Amino acid sequence: MEIYLYIALFSPLVGSLFAGLFGASPRTKIAGIVPSLLLFTSFLSSTVLLVYILGGGEKVHVEMMTWMAAGDLYIPFGFVVDQVSVTMMMVVTLVSTIVHIYSIGYMDHDKGFNRFFSYLSAFVFSMMILVMSDNFAGLFIGWEGVGLCSWLLIGFWYHKESATWAANEAFIMNRIADLGMLIGIFLVYWSTGTLQYEQAFAAMSGLDKEVLTWIGIFLFIGAMGKSAQFPLHTWLADAMEGPTPVSALIHAATMVTAGVYLVVRANPLYDLIPHVGLFIASLGAFVALFAASMALVNRDMKRIIAYSTLSQLGYMFVAAGLGAYWVALFHLMAHAFFKALLFLGAGNVMHAMHNELDPFKMGGLRKVMKGTFIMMTLASVALAGIYPFAGFFSKDLILEVAFVEQHYIIYSVLLFTAGLTAFYSFRLVALIFHGEERYKIFGIHPHEAYKFMLVAMSPLLLLAIIAGSFKMTYFEMVTAMLPATEYHLHSVVTYWIMTIGTQLFVILAIAFAYKKYANNKVKVPDGTSKIENNLCYKVLSNQYYIPYIYEEYLVKPYRELSSVFWKEVDMKVVDATVDGIAGIIYSSGEKTRVMQSGNLSTMLKWMVTGVIILLSLAVVFGLTARYSGEIKAILSGLGV
Amino acid sequence: MMEIGLNHYLVLSTILFAIGLIGVMRRKNLLLLFFATEILLNSVNIAFAAISHYYGDLTGQLFVFFVIAIAASEVAVGLGLLIVWHKRHGNIDLDHMSTMRG
Amino acid sequence: MFEAIAFYLFAFLTTLMFFITVTTSQALHALTALAAGMIFISAFFFILGADFLGAIQIVVYSGAVMALYAFGMMFFDTTREVKEKNGNKYIVFGLSIISAVLVVVIFAAPIVTNNIKALYPMVKGAGNTQELGMVLFTKYLVPFEVAAVMLLVAMIAGIVLAGKKMDLSLTLMSDAEIIDAKKEKTKKVLQ
């Protein structure tokens, strides 16, 4: 089984290096096809591993080589395939394979085609390291690796000012969080003496509550950055500057779920500190509502989907925080499928509309883009959580968890958010595909994407529909590792009331969205209508003014402080010292070069001078050595 | 005073060494500079021989032997270079040799 | 008594000769004084019982080295006065004397501490030359051979340097001149 592990792990790396070879050469199809094939191999290996684990096999644990061994510190390059990591591997490899194939079509006309695939495969490799590592150090490498690749990919169109800005923002935000993560890892090592998951978690049960709380908090700060939780959430929406396949892969399906994965992986830790878990759940619920509300009014197609991702991540954290780790992981998986589908569909629409992102300028696209229309509608249905799509099983489960655990506030927030989710998803669908053909005003002639792109997307569609039926199989597999709590309501009546009530609420929200946006009266907003001047609308469309606050109260003071340090400290102290040393050496050289007159006679005089100095030193040291006892006596007499 | 000891030889050697150094520093003619270096070598030779004699150790004399060998080869090579220089420039004045100027 | 008289006499003579060597403005005088000084030094070797070294001193210095210098001087106009323009005479004398004193101090140091042990003590009943030979061909055989090779190298170097036509110096020529010289050389080879 080890061989499959290595194939699954390293074929993305090979693909990345292969595409990287063509980095400087013009666009070649092969640079896209080979990485896709290699990734498909990786997917197949992951499937073999999944089947093996499902068949009740022992978890595969390999230690490739020693990475660091110094004193008591021992960190190997160790990889583990167990029930949790194999789930993540499946999600990552499946979605990335599809995104790779899709990208061959999507990036067809881009100059950076080869470079793109190199980055994309490198990203998958980092993600695989992240999920497969058996220790915190390996996790951190993958963690930083995906951070780096996401920076490269968000800023892929580096000639665009906004793209480079967004890339830097994402990177810096993640750095802030990674500091917390790093402190958490140090604390783990400090208190348990090891970074291997198994030993560390085993040692944690005997630790002080306070230490555990700090570890939990710091690790969660890391997770907050990568999963874009409040207040580090702003980068995710701005990251939509990257190519759409990147958004689908990184900012929907894989990278942002790394935070959830970390919390799930660290479940023995969070089980010991339920109060931190409750905080995580509350923050998750808040983010779910917060992000959904921003998605209500946004006029950028990709940002709307990004906010919905943010909202769904909130759901996952609620589940993880309440101890329902398997539910969080299940929602992660289901969400990855339909969210990637939604993004890829959005990519098709963008292509068709020549990079137009405002859904108000589209409308009536269902006639020209039938395939995309069906896929996006079904993905939105899944996202809204209608029976029997994937979202129903995973999202309603989270609601049930909140209810069973008797956190009614969280439950009602999540229920309300579910309605909002349905509304904004279908607002988007209605605006894009229904109603009047507003794009004609702008003189755009939309066309459907390549056939093979749609074919590539179809597995995701299939999974978005049927993923829910794996629930029991999945439950049996994962609970070998995670706490096997089943969430059942005590009375059957309450269960049915809740389920049907939720479904009705969601369907009503959808109907409302259709009624409001799927008619011919929708106009391109021009800032004059009544609703647009509403205070609420303004707050929401400006993202609660949070980017503005960050800019005004964090970025600007920091810039001022930096410029003070630059002018006062750096220029006047540091630079002056360095320049001074250089100046002294330079001027002494300038003065002593007179000695090098080239005249042998002068040089001989200098030579004799040097000999005298050396001889006097010899005499002095000889005398000191000879009379060291007496000298010491004199010095001590002087009181030195 | 009348008993000649090692110190007498060492003082003599030092005087000769000083004379040699004076020559090295004040001579501008390359050939005469070589003479001065010969004086330096010989002054050291005297010291070696004297120490060898007064301590009953042959090492000093062997060193003198090797110093003489070195002096001989130095003269051979030095004179060769001197001739080359003279052929090219027509003089052997130290003040004209300043191609190593820094 | 006799030894003391001899020492002081030769010490005076050597010092005088060497002083003349470094101060005279006549190259010929300097050469003659140096040769005389060398011979007087050999006297010290004889006094110290190093007969072999005394002989070598006369043969090598007064014979070979002085002859070489004499040949060397045939290149130059020896009757002409040697111009010596010096900056500060005190610097020259001062530096020399200080260094000489320091050398004495260093040489004297082990005598003060009396910590010298004879490594190769003289053998009783053997002549100086025999003694020297015994040490030279056992302990110092390798340095002796190296010295021989060095002398050979020096001889060849002397012959080559003095005999070869070396009127070209690449370091003193400009780039264009070097290229011209190369072309000329290749032309000669082609012809």
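User: How is the packing of helix α3 (residues 83–106) of chain A and helix α4 (residues 113–132) of chain A described?

Analyst: Two packed helices are described by the angle between their axes and the distance between the axes. In this predicted model, where local features need pLDDT of at least 70, side-chain atom pairs count only at pLDDT 80 or more, and totals for chains, interfaces and linings use all residues, α3(A) and α4(A) pack at about 175° with axes 10 Å apart. Axes are lines fitted to C-alpha atoms, for helices over the stretch in contact, and angles run from 0 to 180 degrees between N-to-C directions. The two helices are therefore roughly antiparallel (over 145 degrees). Helices are DSSP runs (H or I, at least four residues), numbered from the N terminus. Residues are numbered from 1 along each chain as its sequence is written, and chains are lettered from A in the order in which they are written.

User: Which residues of α3(A) and α4(A) meet?

Analyst: Residues are in contact if their C-beta atoms, placed from the backbone, lie within 7 Å. Among those of α3(A) are A:Met88 and A:Val92, and α4(A) brings residues including A:Phe116 and A:Leu120. This contact holds 10 nonpolar, 4 polar and no charged residues. Ala, Val, Leu, Ile, Met, Phe, Trp, Tyr, Cys and Pro count as nonpolar, Asp, Glu, Lys and Arg as charged, and the others, Gly among them, as polar.

User: How many residues do chain C and chain B give to their contact?

Analyst: Chain C gives 72 residues and chain B gives 61 residues. On the side of chain C, α4(C) gives the most, with 12 residues. That side has 56 nonpolar, 11 polar and 5 charged residues.

Conventions:
Contact = placed C-beta atoms within 7 Å. Parallel < 35°, antiparallel > 145°, perpendicular 65-115°, else oblique.
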